[in-house]
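Subject: Handing over the structure

Hello,

Here is the structure I promised to pass on to you. My notes on what turned up in it follow below.

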Amino acid sequence: ALTTSTSMEELEVVDKVVIRFVVGGATGTTGTTNVVVPKNLLSNLGVSVEDIVVLFDREPTSFDYKELPAYYILVVTYTHSRHEIAVHLTGNLDEDGDGMPNYREYLTGTDPLKADSDGDFWNDSIDPWRKSPLLPNAIIALVIVTAIVMAVRRRLRGI
């Protein structure tokens, strides 16, 4: 990554497909970051430049790119302050078919290769507690048990 900003933290690579870094600069000035992505890396991942998602402060943002024979140069422009930029190379893919693109799985901390990250039988795209194997099943079980107990009590009172 080449940037007109100051690198505020060490560059980090997450799961071999996310390049994450934090930049900063004089408030109100314009910053630009260029990320060089080798074409053979994208080829090895089975993706194209259209599959890349750039997250700016954890939100997808538009970016420009220039194609050269062996690589792409991704260009992100912003107004300075402190910002987190994450380039998700497989971001637009939904590798596990659960209805959540990989970049959303990255943001929520779920596994982009498992449709049900927490193993509770609910797809990540519909599970409000994506990282809790007990929920929502525990709530559903509690409702069922409560309904049974109330029905038994009503029946006993009627006897």
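Let me start with a salt bridge: the side chains of R20 and E9 come together at 3.3 Å, N to O. By salt bridge I mean a side-chain nitrogen of Lys or Arg within 4 Å of a carboxyl oxygen of Asp or Glu. This pair links distant parts of the chain, with R20 in strand β4 (residues 18–24) and E9 in the loop between β2 (6–7) and β3 (12–14), 11 residues apart. Helices (H or I, at least four residues) and strands (E, at least two) are DSSP runs, numbered from the N terminus.

Before going on, please keep in mind that this is a predicted model, where local features need pLDDT of at least 70 and side-chain atom pairs count only at pLDDT 80 or more, while totals for chains, interfaces and linings use all residues. Residues are numbered from 1 along each chain as its sequence is written, and side-chain values use heavy atoms, leaving out hydrogens and water.

R20 also forms a salt bridge with E84, the closest N and O atoms again being 3.3 Å apart. Here too distant parts of the chain are linked: E84 sits in strand β10 (residues 83–88), 64 residues from R20. R20 counts as buried at 14% relative accessibility, and so does E84 at 17%, whereas E9 is partly exposed at 31%. (Buried is under 20% relative accessible area, exposed over 50%, partly exposed in between, with a 1.4 Å probe and protein chains only.) E9, R20 and E84 belong to a salt-bridge network that also includes E12 and R82.

The structure has five salt bridges. Another one of them joins E67 and K39 at 2.7 Å, N to O. E67 lies in strand β8 (residues 64–67) and K39 in helix α1 (residues 39–45), 28 residues apart. E67 is partly exposed at 48%, as is K39 at 23%.

β5 runs antiparallel to strand β9 (residues 71–79), and nine bridges join the two. Strands count as paired if DSSP finds at least two bridges between them. T30, for instance, has T79 as its bridge partner in β9.

Finally, V152 is found in helix α3 (residues 137–158) and is partly exposed, at 43% relative accessible area.

Best wishes
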